[in-house]
Each structure stands twice: as C-alpha cells, then as structure tokens.
Amino acid sequence: MANFYLDTPEIKYFLSHPLLKRIVELRERGYADADKYDYAPANFEDAIDSYERVMELAGDVCANIIAPNAESVDAEGPRCENGRMIYASKTYENLDATVKAGLNGVTMPRRYGGLNFPMAIYSAINEMIAAADTGFENIWSLQDCIETLYEFGDEDQRQRFVPRVCQGETMSMDLTEPDAGSDLQSVMLKATYDEENKCWRLNGCKRFITNGDSNIHLVLARSVEGTRDGRGLSMFIYDKRDGGVDVRRIENKLGIHGSPTCELVYKNAKAELCGSERMGLIKYVMALMNGARLGIAGQSTGTSQMAYNEALAYAKDRKQFGKAIINFPAVYDMLAIMKAKLDAGRTLYYTTARYVDMYKTLEDIERERKAAGDKLTPEERTECKTFSKLADAFTPIAKGMTSEYANQNAYDGIQIHGGSGFMLEYACQRLYRDARILTIYEGTTQLQTVAAGRYITNGFYGQVIADMLEAGQAPKEIGTADWCAAEFQPLKEKVAKMAAKYNEAVEYVNEKKNDEFKDFAIRHLYEMAADCIMALLLIGDASKAPELFAKSVRVYTRYAAAEVEKHYDFVMSATAEDLADYRKA
C-alpha cells in the first residue's frame, strides 16, 4: 500500500539533522512531560520514534484517502448556501481522517491537547498533505494560526481556543480587504468597543479569505478611530459560535478548488482583543505571515513532489518510436532538473523550519521563565537572536524560491505529458492550476524580494554563504571543515565562484546609491543568493546521503551556475539610465 512518508526517503533524511536533537531537548524541557502524559517521549530516541510513527500514519492518510479524493474535490468544490460555506463532500472525509489520525495541534503543548512536535515535523506532515491535495493543505495547515494566538494571547484565551484546534476545529486569518491586499496598512474593517457587553464589535468586509467560514478567526481590524496606517490596527479573535459574520460569496478560482476563498461580511460581530491594541499589523500579522510563508514553502514542496511523480510515471509508461520517452535526452533532462529543483527547495524549506523551531522554542522558554521570575541565560538570548534573524532572512527565500520551482515543475510536468497533459483526465493539469497561486498569496515573489532586500544589501546573505563554504550545512548549525565529501569538492569550488559573482554584483548595486536601481536589480540578486545557498545545502546533503542526493546536486549546481551567470550579466551591464526603457514598458 502506498505511503507518502515511506515512499519519500528524502523526508526521513531530514530527521537525522544534528540540530534537531537540540530543538527536541529544548522543546521537551528535559523530557519533563514523560511523567504526565503516556504519549510523551522519555528521551530523544523515543521522540524520534514518535515522530516517525505519526508521519507514517500521516503518509498513509495522504496516499490512501486525501490523494484519491483530490480529483473529486477539485471537480465539486465548496459552495455558499444561506450565508454559510459548505465544503466539497470529500473534504469532510479528509478532515475526518486527519482528526482521527491525530494530525491537529501538532506543535501545541500537551497541556492543551497538542502533540508538542517541532515545527520541522509539522513541516514534513504539511509537505505530504500538500502533495496529496494542494487545496486541502490550505484548510489543514491553517491550524498554524493557533501559533499566533498561543504566542500573543493570554492564558485564558489559550485554554479556551487551543484545545479546540487540537481537537480538529478549523481556523482562518482574515486580513485582506477589497482595498487592502498587499498594503495591509489600508485595512478599514472597523472595531469598536461595546461598553455595555464588555466586548469588541467588528463591522465591514473581508475578501480573499482562505477557509473563511472557519470555527475560529484571527482578524485584523482598525480599532483606533481616525487613523489610516498600521498604528491603528489590532488583532482580534472571532468565534463563529457567536455569529455576526456571513459568507457573501465563494470565489471561482483557477485552481485549489477544494480551498474555499470567501468574501465575508461582518455585522456587529462579537470579538475579543488578541494581545495589545495597536500591535495588530506591527507585530502580530508579521508573525502570522512568517508562519504562513513557511507553510507555503511546504505547500510548494509537496506540489513539486507530486508534479515530479506524475511526470516520471508518465515518462516511464509512454512509448514513442519504440521506446519509453524517459530514454530521450530531451525528456530525462527535464526530469533531472525537476528533481534537482525539488531537492534544492526541500533542503531550504527544512533548514528554515529548523531556524523557526530554534527561536520560537527559546522565546517560549523565555515566557515561561519570565512568569516564574527568571530569564534566559546570556548564551540563550544570543542564540535566540541569532536564529530569529536567520529565520527572518531565510523565510522569504524559502517561500519565494520553492513556489517559483513548484510552478516551473508543474509547467514541465505538463510538457512531459505532451498533448495528454492538456486533457483534464490527467492530474498534471490540476497541479499546474493549483501551483499558480503559490507565488502570489501570502506575499508575492516580488514582495519576498523586498523582505529579503536588506539582507542582500547589508551583506548578510554573503556572510551566510561564506560561513557555509567554510563549515558546511548552514550557519550556526552543526558543521565541520570537512563537511564536503571529496567527490563534491569541484562543486563546492564552483559555488565559491558563484558566490564571488554574487558579492561583486551586490557591491556594484550598492555603489550606485540609487534606491530605484536597487529595487530594479534586487530580484536578480535575490535569486543569486538563493541559488548559492541551495547549492551548498545540497552539497552537504549529498555528502551525507549520496544515494539520495548525488545526482540532484550535480544537476542543480550546473543549473544554478548558469542562473547566477545570467543574473550577473544582467546586473553588471545595467545602469540607472536603463530604467527609462523599462518604465516605458
């Protein structure tokens, strides 16, 4: 019987990363829960065994329930009736299966009914669910919104809401409005305090809300009358059981048909403040969006995996001119690059997840100690700041590059299918439609380059790449001077040359001291940095597990070197005067 975990050894490989032990020890607080909960691990080996068993169960659900339902869900889609959203019939089957498998509240503490798993393990489950059905992943993964409520809500809110999510209730984040898309400072949904009932009331409209008729909503609203920027926005919790929100319509989309995208009307809806007033956009949405962007990186990785699987299976089966088309160079070249992009994106995804794990776990420990009148040690504070910065720097390249690769792999998957790929009976067309949104929502690729921009121009990525060339793996993780196996030494030297060109291009752009020119060139520098980082990560992976990654690292490094050369030539030949030609376009 198929199993998305057992059939994808690349996922299991990332459980062997040395930093995971440190993450687990921090998260388990010395394995103190072992005496309180029968499902809590007693040591690291016990924890890994628990993770593997849950992921094997998730792999079974994905392969044998969610994936077989994907075509039916895509064809039926959700609908709106009497102001409520109704899922496609098979979506209810998927939700029931994930709840029964215990795949909710994955990262939440056990005292609230969660599994207390690291983000890296949640990320692996997320990837598998996305591979099974990209649209259903949206519904399932929005449980990650509970991280923001857990982090910024008070203890009463945690006790009331976190267990419900752990038991399978759904969530949404209601941010976008008709006139406030990427520019969330323009949000105008009105929040007013009801003195008589001691609660907040929300009035207005939200648009493009994924899973918008969920049980629990996190809502960005304007709580300070007369303001028009981010300083007047706060985060609220809306409970569907209180009523006051109707679904006006469900969007008719190109892809991810199983994921309901709703327009919501708030009519004096009762809500409660999450955290402090005025911090909604400045602090809470940024945390919420970073989590969502990591989730999209996982969604993209799963979509890439399935696009590759479908293309590979078809290429092996389809015969032309007397032999399977996989034997033609034009086809196996495409397949090899698809697999290389998949492996490169995946290693970046899990690296980012580990960074998020480290700083979020240390922040959680800091909150606990603060409540007890204690604090982090100086070494722990330094560690927390380091990983927080790395997570902030890696998240935009993980989201941007994996989503771009998912689109490219879905495109090439159809090409390998030829005319059959244009027919609705093949899954590759659904993957192609589903992939298209990945570079758009939760911040377009263009916005990811903006988020990464300061780490480009201040030399941070350049230092990260230099650290990786020296010690291997990724900065501040566990590496050694001999991290690169002898057979991959020529690839390392090639990446060193790529890095030199990247640094030269950054210096060239900085010397211009022209903000518009910097913004013009930043996408090229962004991709150059990402290409170098992913190539080095893959070299480290291939040195440890050549049976999994040796082919991909050779293909990817060759591909990345050509990409860096292309971007280098573009940037180094461009001048500020050239901008006039592009403005005309």
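Rings of Phe, Tyr and Trp (the six-membered ring for Trp) count as a pair if their centres lie within 6.5 Å. Keep that in mind for the first close-up, and remember throughout that this is a predicted model.

**View 1. Ring pairs tie five residues into an aromatic cluster.** Here we zoom in on Tyr13, Phe14, Tyr349, Tyr350 and Phe549, which ring pairs link together. For context, searching the whole structure turns up 29 aromatic pairs.

**View 2. An arginine sits over a tyrosine ring.** The charged end of Arg158 is placed over the ring of Tyr150, 5.4 Å from the ring centre.

**View 3. A lysine sits over a tyrosine ring.** This time the ring belongs to Tyr568, and the charged end of Lys501 sits over it, 5.1 Å from the centre.

**View 4. Tyr31 has a positive phi.** Most residues other than glycine have a negative phi. Tyr31 isn't a glycine, yet its phi is about 60°. Look for Tyr31 in the loop that runs between helix H2 (18–27) and helix H3 (44–76). Is Tyr31 buried or exposed? Its relative accessibility is 15%, so Tyr31 counts as buried, the cut-off being under 20%.

**View 5. Ile256 has a positive phi, too.** Ile256 is another non-glycine residue, with a phi of about 35°. The setting is the loop between strand S8 (245–250) and strand S9 (261–273). Ile256 counts as buried because its relative accessibility is 4%.

Note on methods:
Residues numbered from 1 in each chain as written. Predicted model: local features only at pLDDT ≥ 70, side-chain atom pairs only at ≥ 80, totals over all residues. Heavy atoms only, no water. Phe/Tyr/Trp six-rings, centres within 6.5 Å; stacked < 30°, edge-to-face > 60°. Lys NZ or Arg CZ within 6 Å of the ring centre and 35° of its normal. Helix = DSSP H or I, 4+ residues; strand = E, 2+ residues; numbered from the N terminus. Buried < 20%, exposed > 50% of the residue type's maximum accessible area, 1.4 Å probe, protein only.
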